[in-house]
Structures are given as structure tokens and as C-alpha cells.
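Take the model below and go through its aromatic contacts and its surface charge. The text that follows is meant to be read beside the coordinates.

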Amino acid sequence: MAFTAKDVQALREKTGVGMMDCKKALVEADGDMDKAVDILREKGLASAAKKSSRVAAEGTVAAYSNGKAGALVEINCETDFVANGEPFKNLAAHVVKTVVDANPADLDALLKTKVSDGECTVEEAVQEVFLALRENMKVRRFERYDGTVATYIHAGGTVGVMILFDVDDATAQNPEFIAMGKNIAMQVAAMNPEYLSKYDISDDEIAKMKSITIDSSLNNPATLPKPILLDLIKKAIDEKLVSNEDIAVLKEKMNDKFLFNFLSKEAAAKLAETAVNIKSAITENKIFAGAVEGRFAKQLKEICLLDQPFVRSDLFDGNVNGYINSVSKALGTDIKIKKFVRFERGEGIEKKQEDFAAEIANMIK
């Protein structure tokens, strides 16, 4: 079956594949357009398999909500150039809408699900974009919430946030609530909290966090409460745990807040070692216990969303929970956050470090 240049162009428009590949496919298919598409897909699958080992740490995070449910999806590719192109962004938009509409059980189920408003599966849709762009790409993860959600996408897809609220339908439509939801989603994007509140942290995790706080304090004597530090210094002097030069410094500067600027690194390390060796005695000290609790409380404010200082201090001066309560009061209703999720593009993926100088040197040997 003969074919013309218009057929080649039509196949290119249909698949996004280069002109020469389209021509070769039509030759192999004897001009049959449908068969040529299948040939391109098969070759694309083989090519995709070869490229699957290449690191795909770029890409985008996309969000979608229909008022009754919402979703976040991360799709990865190899380069920013592809990630910022319309074909890839359109793919992400279709996939995230599919997650909301179809509610797949897991990633494998999603890939086998027919794309919303389309005829192919998500896996086939990814393959179609690969055929056009020739980069390793994959749907990496998704999260879906049923109910009223607020979403926020930062910097074109580098970070995505979704928050699930417990509110009535009327409140969900209120512009002030919608603005609040976006503000809190932006907070999550910027401050990256690990938990909603301290009540979401297990007892084991709290114990581990406190243990780390204690150990970090002992290993950095400069942060110890003054009475405990002075006892430590006295022990170092009496038992001659450091050099004579450092003992002289300790005697002269023990009350100087810049003491550790004058001590040798060896002396500072010895004080830390001594503190660790008498850990049980130090931890029983009420002053030290109070200092640890203070540091732990500060840490909770950093990692728990509701306890974090609200970043938009121009709107509200206080923590996130206070901001929510102020909007709740203004609207005469109860607003609570059930949970949230934050995706950062490529997090946890080890990127290949390019050494272009070495690469060029190898090429010219």
C-alpha cells in the first residue's frame, strides 16, 4: 500500500514521533496507518526498556480536585526541558484527574486504568509521550483523599501539597475558607512539617527524639546549662583531662560565654566525651531535664504543622492552629485538618553527578 508525505505528517501529528521514524514505520507497515502506530509503540517499548535504567529525577508534581476528592501525583523524567514542556505537563494533568475519578488501589492498578476522558490506559499514555520525547519517564507515586481538600503546587511542580479538611459543605464553598486552605498548603510547602500535631507522634518516636536531643546536648558542651558546664570544667581541671594550656584557659575563661573560642578542639572534644561518660548523672539533673524539655518543645514547633509559627504573619500573628481557629471563629463554624501530604519532586532519588570535564577528557584520549 503506497503512502504520501501527508501520511507521514499525519502519523507524526498522531504520535509525536520524528518524521524519519514515522516514514520507516509506514514503510514497514506497507502504508497501513494503524499498523504503523503499533510498530512505533513496539519500538518505543523496546527503547523505553533500554532507557529505564537512566535516572529520572526531574519531572513534576500535579494536583487535581473535583470538590469531592483530590489527588497529588508525581511523574518523573530525565530533564527539566521535558518536564517543562506541554506534552509532559498535559500527561501529568490527565493522570492526576484519573486518580481522582477512578480511585485506583495502587500504582499498578493506576497504570492499567483507562485515562479519564481518553481511550488508552495510563501506561499507554506514558508510552505515547515517551515515543515523542524519548526520555525515561514513570509515574512514581500518588495520594488520593476523599472529602474537602486544598491543594498547592509550587514553582511549576517542584513541590505539591494536599490538605484534607473536616468541614461542612457550606464552609467548603466559602472564599475565606478557600483562601485559608491555600495559605496553609503554602505553609506546608515552605516549612515541610513531618506531623500534623504532637498527638500524631508515637511514644516510641517521642522517646527516640528526646534521646537524640539529650545526646546532641552532651556532645556539644557549649549548649549545656551553665551549672552543669561548670561542674564539667571543674572535673576536667581536677582530673587533668586536658592539656595544661587548656586547663589555664578553663580557669581563666570558665565564665566567659566565648570560652570555646579559646579552647583547643581536643579540649572541647574531651569535655564532650566526659559529658557522655557521666550521662546518667547529668540526665538526672533537674536543670538539664528542663533544658531538654525546652529544646524538645522547640523541636515540636518545627516539625508539627499546627504548632508551627504561621509564615503569613501579615495575616495572623501566631501559630497555624491559632490561624485556623481565627478563621473558624470568623465564619462561625468548626474547621479541622484531618491530614496532609507533601510531595517534593525527585526526593529520595539519587541523581547522577555529571563530571563534564572528565567526560570531555576521556573523549579526546
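The paragraphs below treat the aromatic pairs, then a charged patch.

The model is predicted. It holds three aromatic pairs. A pair of aromatic rings is described by the distance of the centres and the angle of the planes.

In the pair made by Phe-165 and Phe-177, the ring centres are 5.0 Å apart and the planes stand at 75°. Planes over 60 degrees apart count as edge-to-face, so Phe-165 and Phe-177 form an edge-to-face pair. Phe-165 belongs to strand β5, residues 159–166, while Phe-177 belongs to helix α9, residues 175–191, so the contact ties together parts that are 12 residues apart in sequence. Both Phe-165 and Phe-177 are buried.

The rings of Phe-316 and Tyr-323 are arranged in another way: their centres lie 6.2 Å apart and their planes meet at 45°, so this pair is tilted. Phe-316 and Tyr-323 also belong, together with Phe-310, to one aromatic cluster. Tyr-323 has a relative accessibility of 7% and therefore counts as buried, the cut-off for that class being under 20%.

On the surface, the residues to look at are acidic. Asp-106, Asp-108, Glu-123 and Glu-124 gather there in a patch of negative charge. One of them, Glu-123, sits in helix α7, which covers residues 122–133. How exposed is Glu-123? Its relative accessibility is 48%, so Glu-123 counts as partly exposed; the class of exposed residues begins over 50%.

Terms used
Residues are numbered from 1 along each chain as its sequence is written. This is a predicted model: local features need pLDDT of at least 70, side-chain atom pairs count only at pLDDT 80 or more; totals for chains, interfaces and linings use all residues. Side-chain values use heavy atoms; hydrogens and water are left out. Patches are made of residues with over 30% relative accessible area and no salt bridge: like charges are joined within 9 Å, nonpolar side chains (Val, Leu, Ile, Met, Phe, Trp, Tyr) within 5 Å. Accessible areas come from the Shrake-Rupley method with a 1.4 Å probe; for residues, only the protein chains shown count as cover. A salt bridge is a side-chain nitrogen of Lys or Arg within 4 Å of a carboxyl oxygen of Asp or Glu. Lys and Arg count as positive and Asp and Glu as negative; His and the chain ends are not counted. The place of a charge is taken as NZ of Lys, CZ of Arg, CG of Asp or CD of Glu. Helices (H or I, at least four residues) and strands (E, at least two) are DSSP runs, numbered from the N terminus. Buried means under 20% relative accessible area, exposed over 50%, partly exposed in between (1.4 Å probe, protein chains only). Rings of Phe, Tyr and Trp (its six-membered ring) pair if their centres lie within 6.5 Å; planes under 30 degrees apart count as stacked, over 60 as edge-to-face and the rest as tilted.
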